[in-house]
Amino acid sequence: MRRREFLRLLAGSTVAWPLAARAQQTSEIPRFGFVYQGSQAAMALRIEAILSGLRVSGYAAPAQVEIVGRAAEGDPARIVPLVAEVIAKNVSVIMASGPLALNAARSATRSIPIVAIDFETDPVASGVAASLARPGGNITGVFLDFPDFTAKWMEMLVESNPKLSRAGVLWDPDTGPVQLDSVRKAARTLNVQLEVVEAHRASDFDGAFLTANQRGVGAMVMPSSPLIAPNVQVLAELALRHRLPAITLFPDFARAGGLLAYGPNLLSMYRVTGVLAGKVARGADPAALPIERPTKFETVLNMRTAQALGISIPTSLLLRADEVIE
């Protein structure tokens, strides 16, 4: 099957494999549920990465697995019913993307194993896991270690513009306060005043950037959220339109025209999620399966955007960048 046709197949709100593949399946073939807050098209790319992880775990995907996928299309209100739909399909494992999907799955079942990919939640502080090494309960997955990581975004913005005195924070309240608190702490240390603008949905982005601009901010920090990754192109365009140097977790933001990004490769983390889900389906106990954390981070700097915004990037930042877009 050609890759384009394969992705088109995955892009449906319910992911179903071809009838030929289904004919080879037996009742023992595991069924994986996947709930994603973003769009169907973005979900398809993530499922492709998950499948590569399942192959590492010994499954000849897609012939030996079935994926039941649900995309909320950016509407947080759809998460809980979509989790219920996935559970009703008698899945062996639930893969939950982001804090809303994780919390919904956690509330809905304590018996079905859950493998989360959640860059916004501290799993131990929030009570999701007893420890990173032995999570306990029915949840394991990929989590990012906040809050120290988040402070680096603020530090890099100030490094790129030492005269910065007021910055905006595009904050998704559904992700919780951990990242916001960290950005605030870093801003106080750097003597930068913060203006927090909220976004619950992608449709809130325009108003949030307009408000930030009206409040006189000179840059924008966008903490990690399931809203950000599928919308990096829109956010990069908004940042340029409002002439705001901006930074976020996802490297594709800078590649799409934003100034800076610092974070892990997103699809590689979904691949790890697939590896973990495959281990659980083969009998590993999620209570004893250590939580994974990203260990490699990319700094992507868009010099074209820096020039368009009239920013002179210091040599120290240029030397640390893993990718510089000229």
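Helix 6 and helix 7 cross each other in a right-handed way. This is a predicted model, so take every value here as computed from it. Helix 6 covers residues 148–160 and helix 7 covers residues 178–190. Their axes lie 8 Å apart, and the two helices pack at an angle of about 40°.

Which residues of helix 6 and helix 7 make the contact? On the side of helix 6 you will find Thr-150, Ala-151, Trp-153, Met-154, Glu-155 and Val-158. Helix 7 answers with Gln-179, Ser-182, Val-183, Ala-186, Ala-187 and Leu-190. Sorted by class, this contact has eight nonpolar residues, three polar ones and one charged one.

Now let us turn to the spaces inside the model. How many cavities of 30 Å³ or more does a search of the whole structure find? The search finds two. The largest cavity has 16 lining residues, and the closest to its centre are Ser-97, Glu-120, Pro-226, Leu-266 and Tyr-270. Strand 4 (114–118) supplies at least two residues of this lining, and so does helix 11 (266–281).

The second largest cavity is lined by Leu-170, Trp-171, Asp-172, Ala-199, Phe-205, Pro-223, Ser-225, Leu-227 and Ile-228.

In the largest pocket, 17 residues form the lining, and Arg-46, Ala-229, Asp-252, Leu-266 and Leu-267 lie nearest its centre. Helix 3 (40–56), helix 10 (251–255) and helix 11 each give at least two residues to the lining of the pocket. Helix 3 provides the largest share, with four residues.

| Space | Volume | Classes of lining residues |
|---|---|---|
| Largest pocket | about 270 Å³ | eleven nonpolar, two polar, four charged |
| Largest cavity | about 130 Å³ | nine nonpolar, four polar, three charged |

Finally, have a look at the charged side chains. Across the whole structure, a search finds ten salt bridges. One of them joins the side chains of Glu-66 and Arg-31, with 3.2 Å from N to O. Why does this pair tie together parts that are 35 residues apart in sequence? Arg-31 lies in strand 1 (residues 31–36) while Glu-66 lies in strand 2 (residues 66–71), so the pair links parts with that separation along the chain.

Notes. Residues are numbered from 1 along each chain as its sequence is written. This is a predicted model: local features need pLDDT of at least 70, side-chain atom pairs count only at pLDDT 80 or more; totals for chains, interfaces and linings use all residues. Side-chain values use heavy atoms; hydrogens and water are left out. Axes are lines fitted to C-alpha atoms, for helices over the stretch in contact, and angles run from 0 to 180 degrees between N-to-C directions. A crossing is left-handed if the near helix is turned anticlockwise from the far one by less than a right angle, and right-handed if clockwise. Contact means heavy atoms within 4.5 Å. Ala, Val, Leu, Ile, Met, Phe, Trp, Tyr, Cys and Pro count as nonpolar, Asp, Glu, Lys and Arg as charged, and the others, Gly among them, as polar. On a 1 Å grid over the protein atoms alone, a cavity is a set of points where a 1.4 Å probe fits but cannot get out, and a pocket is an open set with protein on both sides within 12 Å along at least five of seven lines; lining residues have an atom within 4 Å of a point. Grid points are joined across faces, edges and corners, and a volume is the space filled by probe spheres set on the points. A salt bridge is a side-chain nitrogen of Lys or Arg within 4 Å of a carboxyl oxygen of Asp or Glu.
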